[in-house]
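Thank you for making time this morning. I would like to walk you through one structure, so please look at the sequence and the model while I talk.

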Amino acid sequence: MLHKSPAQRVALAVFGLVLAGFFLFPTYWMFTTALKTPAQILSPAYDLIPTTATLKNFVNAITKPDFTTFLTNSLIVTLGAVACALAAGLLAAVPLARLRFRGRKGFILLVLIAQLAPLEALFVPMYLIMRDADLLNSLWGLLLVYVAFTLPFTVWTLRGFVKGIPIELEEAAMVDGCGRWGVFTRVTLPLLGPGLVATSVFSFITAWNEFLYALVFMREKDKQTLPVWLSSFKTAFGTDWGGIMAASVIYAIPALIFFLLVQRKLVSGSTAGAVKG
């Protein structure tokens, strides 16, 4: 940008604003629709900027039966899947990045293949495994399914972050008297903050938005999650557009809060200049 002319900088800025508006418009449409009455939503003259607003759709969504149960279930399986995937992925990523052993490359290839497999292709075998293990209709079973989905990406990504940490840092700590565990907890783990945050965001979004497995594996209503709750706004009598838009806004809030809590770590953690001289 420093070497571009003022006209080029203005053109790039305008292009960036237009592109941002293009991607933000669906969110704006969702939020403004949630503030409208059914008559306004179905009116041929659809107002992009509502002249009047109502919170009735949000109240109806929150007071819908079993909302708190669905919310609690989603938080349990999502946060549990994130924690388990990070713990298991970290324990696998460090040896894959630092150690040399027979079969290492083959294992890394298997991790990549597992990541490339579409979730729909795994549905039937996953259902049979869960049925035989008596884990259907169990939040712990659904949690394990989400861990299985997110673990390959976690291992692959964290391995790259571990390889990005200069090995001289670990060697310097060992020279100063740290053992393997001390090197891991005092040097490697703090520098892996951005990698842990990046993988946790991916794991959270994947588990939070999953619908099909939660719908089929959770047979009882009190074991279902928020994505299934969203589908309840469409019935045989029609679709409650105001309600489903308000519910979608509510549904997005936990993911937004999670991102805001960890977003600083996404741009931090540089190791430049950290090598002991």
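Is Asn137 buried or exposed, and what is its relative accessible area? Asn137 is buried, with a relative accessible area of 15%, where buried means under 20%, exposed means over 50% and partly exposed lies in between, using a 1.4 Å probe and protein chains only.

Before I go on, a word on the source. This is a predicted model, in which local features need pLDDT of at least 70 and side-chain atom pairs count only at pLDDT 80 or more, while totals for chains, interfaces and linings use all residues. Residues are numbered from 1 along each chain as its sequence is written, and side-chain values use heavy atoms, with hydrogens and water left out.

Let me stay with that loop for a moment. Asn137 lies in the loop between α6 and α7, and the helices here are DSSP runs of H or I with at least four residues, numbered from the N terminus, strands being runs of E with at least two. The phi of Asn137 is near 60°, a positive value in a residue other than glycine. Asp134, which is also placed in the loop between α6 (123-132) and α7, has a positive phi of about 60° although it is not a glycine. Asp134, however, counts as exposed, at 67% relative accessibility.

Now to how the helices pack. Two packed helices are described by the angle between their axes and the distance between the axes. The axes are lines fitted to C-alpha atoms, for helices over the stretch in contact, and the angles run from 0 to 180 degrees between N-to-C directions.

The axes of α7 and α10 come within 9 Å and cross at roughly 160°, and the two helices are therefore roughly antiparallel to each other; in these terms, angles under 35 degrees count as roughly parallel, over 145 as roughly antiparallel, 65 to 115 as roughly perpendicular and the rest as oblique. The crossing of α7 and α10 is right-handed, which is the name used if the near helix is turned clockwise from the far one by less than a right angle, left-handed being the name if it is turned anticlockwise. The contact, meaning heavy atoms within 4.5 Å, includes Tyr146, Phe153 and Phe161 of α7 and Pro194, Gly195 and Phe202 of α10.

Phe161, placed in helix α7, counts as partly exposed at 31% relative accessibility. Leaving aside residues up to four places away in sequence, Phe161 touches Leu192, Pro194 and Gly195. Phe161 and Ala93 are 68 residues apart in sequence, and their C-alpha atoms are 8.9 Å apart in space.

Helix α10 also packs with α13, at an angle of about 175° and with the axes 11 Å apart, and that makes α10 roughly antiparallel to α13. Among the residues that make this contact are Phe204 and Trp208 of α10 and Tyr251 and Phe258 of α13.

A further partner of α13 (residues 241-262) is helix α1 (residues 6-34), and their axes come within 8 Å and cross at roughly 120°. That makes α1 oblique to α13. Here α1 passes α13 in a left-handed crossing, and the contact is made by residues including Met30 and Phe31 of α1 and Met245 and Val249 of α13.

Finally, the aromatic rings. How many aromatic pairs does a search of the whole structure find? The search finds 16, where rings of Phe, Tyr and Trp (its six-membered ring) pair if their centres lie within 6.5 Å, planes under 30 degrees apart counting as stacked, over 60 as edge-to-face and the rest as tilted. One of them is the tilted pair of Phe153 and Phe202, at 3.9 Å centre to centre and with 35° between the planes. Phe153 lies in helix α7 (residues 139-164) and Phe202 in helix α10 (residues 193-209), so this pair ties together parts that are 49 residues apart in sequence. Phe153 counts as partly exposed at 23% relative accessibility, and Phe202 is partly exposed at 27%.

The rings of Tyr213 and Phe217 have their centres 5.3 Å apart and their planes at 80°, so that pair is edge-to-face. Both Tyr213 and Phe217 are buried, and they belong to one aromatic cluster together with Phe123, Tyr127, Tyr146 and Phe149.
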